[in-house]
Amino acid sequence: MMKKGFKLSLLAVLGLVFVMGMVLIGCTDETADPVDDEPVEDQDNSTEDEPKDEPADNPPVEEKVFRASFASEPPSLDPGQATDTTSSTVLRGVFEGLTRVTPNGTELAGAESYEISDDYLTYTFTLRDHNWTNGDAVTAHDYEYAWKRVLNPEFAADYAYQLYYIKNAEAANTGEGSLDDVGVKALDDKTLEVTLENPTAYIMDLFAFTTYKPVNKKVVEANANWSNDAGELYVSNGPYKLDVWEHGNEVQLVKNEGYWDADTVQLDRIIYAVVEDEGTVLALYEDGELDWAGSPFSSLPTDALPVLKDQGLLTTQIRTGTYMYLFNVEKEPFNNKKIRQALSYAIHRQTIIDNVSQGEQIPAMGLVPANMELVKEPYFPDNNVEQAKQLFNEALAELGYASAEDLPPIVLSHNTSEGHQKIAQAVQEQWRQAFGIEVTLENAEWGVYLDQLDAGDFQIGRYGWIGDFNDPINFLEIFKEIGGNNKTNWHNEEYASLLDKSYSEGDVAVRTQLLKDAEAIFMDEMPVAPFYYYTFNYVYNPQIKDIFLDSLGNTDLKWAYVE
Amino acid sequence: MTRFLLRRLFFVLISLWVIISATFFLMKAVPGGPFSAEKKVPDEILKSLEAHYGLDKPLAVQYYDYLKSVVTWDLGPSFRYDAETVNQIINRTFKISLVLGLEALLLSIALGLFFGVMAALYHNKFQDYSSMVLAVIGMSVPSFILAVFLQYIFAIKFDIFPAGRFESPLHHVLPALSLAALPTAFIARLTRSNMLEVLQQDYIKTARAKGIKENAVMIKHAIRNAILPVVTYLGPLTAGILTGSFVVENIYGIPGLGTQFVQSITNRDYTVIMGTTVFYSIILVFMIFVVDMLYGVIDPRINITGDNAKGGNANEFQ
């Protein structure tokens, strides 16, 4: 009796599992359907299904779509909070700032005209007549509100410091000054006056930057969560509008018909899928589900680069960024300048690029990326082993070591990643051959590694810097003071004073010379060994034309079209 | 029984508390923070960020706040993703992982039972060997290799299924297969060995002797008894599939809880780390609890109440 009873209940349990499973699967199919209406394929179907409504000779109207992928969900689509490239790629599509970086250089966008005061400090912009997506006019008050919102310490924006070029912005943000004193003022609805702290040569580029975008004052003041989802509240003023934001999965933009320059915009829809794994991105591209694989939207697996290159599919483009090895100048033996020079000179960058990193990077023998053209010639030849050996021996003598074996153990640290590790192993071998020294490699997870760098708990450490804006100062400034981004503990009075002078120098030629002199000091002191200048490597659907990609990694799809 | 339930529930809560506390203190002990980046945020801004998220409070206060947030299941905002709270993230991603997990679960039960029964019925014949070869492959090939392999063959080479993402039912096939491979193999082997054992039992011989048709013998008497151990395996299997899907999710670009969990650790997204860990622990602990209960229901010989008075009666049910 009993036996039968429990057998039945057992079957019931099994049955229940099956039924529940079916119900759940059934549910998802239903919920999946409305989502499925969105993508391209279904759009095609619907036009094919209803040919009766259209004259037979009319070709079906196809949506012009561009599909790319991001490695992660955009962390924030509020221009005041965004700090990363993923978010700013989306934001560049949906927002319009005072200026926009175009293929022809930086041009006025949200502003129609501007005047500069004689001291290069005050900029007065007249705004173009254009509207937010909810129909409100974009006013100077929106800009003033947007910038002061970011500077408000309570708003806690990471990128508030991007606005520190504006007069009194830093004081207001650190709580020492008042927001009322910040140098941004709406004189009337159409006139915006911006006062700078110092004359800034590249300020027009900065005005195009994400943190400088306006937000709709009325909407944002009333709804703190306006930027959390696509929908009515998400009010923007750019070439595209945010249409779908399925968190963690997909972002879709559609053409903004109300954009002031809507005639230029040719794409109907942009779809950004969130796909973390590099191999999957390439698989999706090869499967025809993406139009772009690789930087700056996503990245390609290093192993695939040579193959794609051989097939002639890979496009490589220089990127404003420097991969480098930091020396901690407080740790013996790197307190000695000559040993830093020796190690840096001895690296054979080109072989490592050709055989290890394989991304067509450019050997870096200077801090400032070559495409900024601060100096024409590298500061030293690549793989300068002879001079390196000589310097190494001099350094040993200066430090009082009889031979290379007496040196303290040297550790090269990098964050955990196959790419960094392979490069470090190659360098380890090159140094062994050049000087007979045994360098130990150490790696740590990213967050842990950053902590080690900050704490000065390293001897030689991998580091990378991608330009924020197209000016050498962005690279030179890193090493002006100890702390912050300068983890090397290196400080040089002359270097710092040259940079200080450059801040207030209005004459472009004089300023360039000051920066050159500063870099020359830096490259002589060699607190870092520059390694290579980054490149972008990508494959894309050649039917999509005019995707604008500048050397900073900013992509702009305003001018893109499908052939 | 009630007393037993209450006692088990108490232990469940205690183990959850231990997990929660361990996660909290380990997370705080790990170097790096949610706001560390290659480009350093100025110290003043860092301070206001920390104040904004309550990280400037003493550790004890943070711990208390955290326990409170877990108890009320209001896990707060993500540090990294401004647009969503941790609750929203878990709700959104778990739905996806659950669907994928259940598909894999059903697939593995169906295929596993099929292969297992086949193998036993055709013991030492072609069907047996091929099933068991498949099972060995399924058990020994890690899911991430299988996932990439399936993706390459069926999506890129033959273009039958999409290479990734989770949109239409077609998108579900490859990830569900990759995830189901290991449990399928396990269930197949389990079923096979049980079937073989059951088929030797006297009651099967009796049934046959009584002239009952072979099909009826198999279905009514053999398979029913052979799948008992499979049922007990369902609990840990469900928990395993639900919590262990992150590799497959990553390879197919599926925005599930597993992907979220791994990312949150890289990002030091404290609230998401805690939320997902606690959520996973609840699933695991609850599943173990359910399995313990099920053992009692399925096999009355197992005495779950710890009450020895009833222990001696086991043979009655044999």
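Residues are numbered from 1 along each chain as its sequence is written, chains are lettered from A and ligands numbered from 1 in the order in which they are written. Because the model is predicted, local features need pLDDT of at least 70 and side-chain atom pairs count only at pLDDT 80 or more, while totals for chains, interfaces and linings use all residues; side-chain values use heavy atoms, with hydrogens and water left out.

Let us begin with a record. UniProt, in an unreviewed entry, places the feature "domain: Solute-binding protein family" at residues 111–481 of chain A; such positions are given in the numbering used here, feature names are shortened, and annotations may be inferred rather than shown by experiment. Over residues 111–481, chain A is 29% helix and 21% strand, and the end C-alpha atoms are 36 Å apart. Helices (H or I, at least four residues) and strands (E, at least two) are DSSP runs, numbered from the N terminus.

Now to a sheet in chain A. Strand 5 (residues 122–127) and strand 7 (residues 191–195) of chain A run antiparallel and are joined by five bridges. Here A:T122 stands opposite A:T195 of strand 7. Contact means heavy atoms within 4.5 Å, and axes are lines fitted to C-alpha atoms, for helices over the stretch in contact, with angles from 0 to 180 degrees between N-to-C directions.

Another open sheet of chain A has four strands in the order 1-10-9-8, with mixed pairing. Its edges are strand 1 (65–70) and strand 8 (240–246) of chain A; each has a single partner strand, so one side of each is left without a neighbour in the sheet. Neighbouring strands in this sheet are turned by 20° against each other on average, direction ignored. Strand 9 (residues 250–255) and strand 10 of chain A run antiparallel, with five bridges between them, and A:V254 stands opposite A:R269 of strand 10. Helix 3 of chain A packs on this sheet, touching strand 1, strand 8, strand 9 and strand 10, and makes about 140° with the direction of strand 8.

A cavity is a set of points, on a 1 Å grid over the protein atoms alone, where a 1.4 Å probe fits but cannot get out, and lining residues have an atom within 4 Å of a point. Grid points are joined across faces, edges and corners, and a volume is the space filled by probe spheres set on the points.

The largest cavity holds about 170 Å³ of space. Among its 18 lining residues, the closest to the centre are A:G248, A:V274, B:P255, B:T259 and B:Q263. Helix 12 of chain B gives the most to this lining, with three residues.

The second largest cavity has a volume of about 50 Å³. Its lining includes A:T89, A:R92 and A:Y272, and helix 3 of chain A gives the most, with three residues.

Definitions and conventions: Pairing = 2+ DSSP bridges. 1 Å grid on protein atoms, 1.4 Å probe; cavity = no way out; pocket = protein on both sides within 12 Å on 5 of 7 lines; lining within 4 Å.
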